[in-house]
Amino acid sequence: MDKLSHWITNHLQTLGIQEIWAKYLNMIILVVVLLVVVFIIDLVFRKILLKAFSKFTSSSKTHFDDFLIKNKTPRNLAHILPIMLVYWAIPYVLVDFDYAKKIALKGIEVFGIILCLWIVRSLLNTFKDFFKTLPNLKDKPIDSYIQVFMIFAWAIGILYAFSIITGAALWQFLTALGTASAIIILVFRDTILGFVASIQVSINDMVRIGDWITFEKYGADGDVVEINLATVKVQNFDKTITTIPTYALISDSFKNWRGMTSSPGRRIKRAIIIKQESIRFLSNEDVQNFKKIDLIKDYLNTRQKDISDYNTENNIDKSILINGRNLTNLGVFRKYIDVYLNNHSAINKDMMIMARQLAPTTQGIAIEIYAFSNDKRWENYEYIIADIFDHMLAATPYFNLEIFELADIKKAKTP
């Protein structure tokens, strides 16, 4: 390169061009030659690398190398040789221009740092895509980890770039950053909070990708599709996307339904309200009629015998039903619901099954079902609930009970 420079300069001077202009023309010619050579080397080297990677990936069983090509890692690696060539040639091309040479060398060094960051980014994105294909890591916030690494990489790269441009030592920039830490914290507040939150979310296993969460403050009710450093994306059941700040997961309250989806059943907790005036004691005739209902026939036989024996032993006057021990239509109905649930094929028998009576209200007495369905899928879950309550509502009149309706109050107030 040095001989070529002298040859061009001497040749230009023999053509009668002044020495100063000969130097400028020499620099321009050498720059053009260098750019052409670098472009050709970059193009050839890039094609060689891409072809080599493609050949390797076609015979490889893993998908990691496919993600390397997808994220342009070979393309970025191909730029290393041309940059090294330019860095070596600059002192010869700008041999007569010291100031320009220093600027050019610093520019190449800064570009080398940027290229290193591109390579690191492509490698990290490759790891991210590869880890997402692993079953054990599909629900982990890989994006957050990658972003944390990239923030550190960019921070180090920018510090080195400033150090090269200004010629100051790296420790001086670190000292200046310590002085300006208050401003940095103010500017990067959300990033810092997101960084801390993403670590806590991961360590405490609060949220995973694929979890169903309900976050009323942000109107989110759906599946987590992405967790990164700053935000968590939730695809609601109406297919809209809600974006939640990552730090909100540790500063605010939300509901994660993972416990339900990983459990053997999904809870059913719903009630019907019975009119209080329809509740009464059962006579022997009523009990005989209820024995026609198969599910509670055995219960009524046993229960009626126990009550009759008790009343006889204690000489209870049964001319009035309120005396002694008695069955009520509401109690028998509650027992019917309990037996019905225990015989229902969609109810998990290994989990709690209960038909309970809640406290009386101005509307009536609520009979609540507390059980767990075998099928946790939303559509099937709603079908199971509807099937159970369809039966309960239709069965109520058989026990001489009435369902409370607001229209009943309106009728009662009408003169």
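Trainee: What is the relative accessible area of Asn 374?
Mentor: Asn 374 has a relative accessible area of 37%, so it counts as partly exposed. Buried means under 20% relative accessible area, exposed over 50%, and partly exposed in between, with a 1.4 Å probe and protein chains only.

Before going on, note that this is a predicted model, in which local features need pLDDT of at least 70 and side-chain atom pairs count only at pLDDT 80 or more, while totals for chains, interfaces and linings use all residues. Residues are numbered from 1 along each chain as its sequence is written, and side-chain values use heavy atoms, with hydrogens and water left out.

Trainee: Where is Asn 374 found?
Mentor: Asn 374 is in the loop between β8 (365–373) and α16 (378–395). Helices (H or I, at least four residues) and strands (E, at least two) are DSSP runs, numbered from the N terminus.

Trainee: And what does Asn 374 touch, not counting residues up to four places away in sequence?
Mentor: Pro 264, Ser 345, Ala 346, Ile 347 and Asn 348. Contact means heavy atoms within 4.5 Å.

Trainee: Let's step back. How many helices and strands are in the protein chain?
Mentor: There are 17 helices and eight strands. The chain has 415 residues, and 35% of them are buried. Among contacts with a separation of 6 or more, 63% are between residues 24 or more positions apart.

Trainee: What about the accessible surface of the protein chain?
Mentor: It comes to about 25200 Å², and 62% of that belongs to carbon and sulfur atoms. Such areas come from the Shrake-Rupley method with a 1.4 Å probe; for residues, only the protein chains shown count as cover.

Trainee: Now the sheet of five strands. What order are they in?
Mentor: The order is β4-β3-β2-β1-β5, in an open sheet with antiparallel pairing. The edge strands, β4 (241–245) and β5 (255–256), each pair on one side only. Two strands pair if DSSP finds at least two bridges between them.

Trainee: How many bridges join β3 to β4?
Mentor: Five, with the two strands running antiparallel. Along that pair, Lys 233 stands opposite Thr 243 in β4.

Trainee: What is in the loop between β3 and β4?
Mentor: Lys 239 is found there. Lys 239 has a positive phi of about 75°, although it is not a glycine. At 62% relative accessibility, it counts as exposed.

Trainee: Asn 236, then: buried or exposed?
Mentor: Buried, because its relative accessibility is 7%. Asn 236 lies in strand β3 (residues 231–236). Its side chain reaches the backbone nitrogen of Asp 221 at 2.8 Å. Leaving aside neighbours within four places in sequence, its contacts include Gly 219, Gly 222 and Thr 242.

Trainee: Switching to helices. Where does α14 bend?
Mentor: At Leu 300, by about 30°. The bend at a residue is the angle between axes fitted to the seven residues ending there and the seven starting there. Leu 300 is also one of the buried residues of α14, along with Ile 296, Gln 304, Ile 307 and Asn 311.

Trainee: What covers those buried residues of α14?
Mentor: The cover includes α13 (284–290) and α15 (329–343). The buried residues of α15 in turn pack against β6 (266–274), α13, α14, β7 (354–357), β8 and α16.

Trainee: What span should α15 have?
Mentor: Its 15 residues should span 21 Å at 1.5 Å a residue, and its end C-alpha atoms are 21 Å apart, which agrees. The expected span of a helix is 1.5 Å times one less than its number of residues.

Trainee: Last one. Why does Arg 258 count as buried?
Mentor: Because its relative accessibility is 17%. Arg 258 is in helix α12 (residues 258–262). Its side chain makes a polar contact with the side chain of Asp 211 at 2.9 Å, and the backbone oxygen of Met 206 lies 3.4 Å from a polar atom of the Arg 258 side chain.

Conventions:
Polar contact = N/O pair within 3.5 Å; in protein donor to acceptor, adjacent residues only side chain to side chain.
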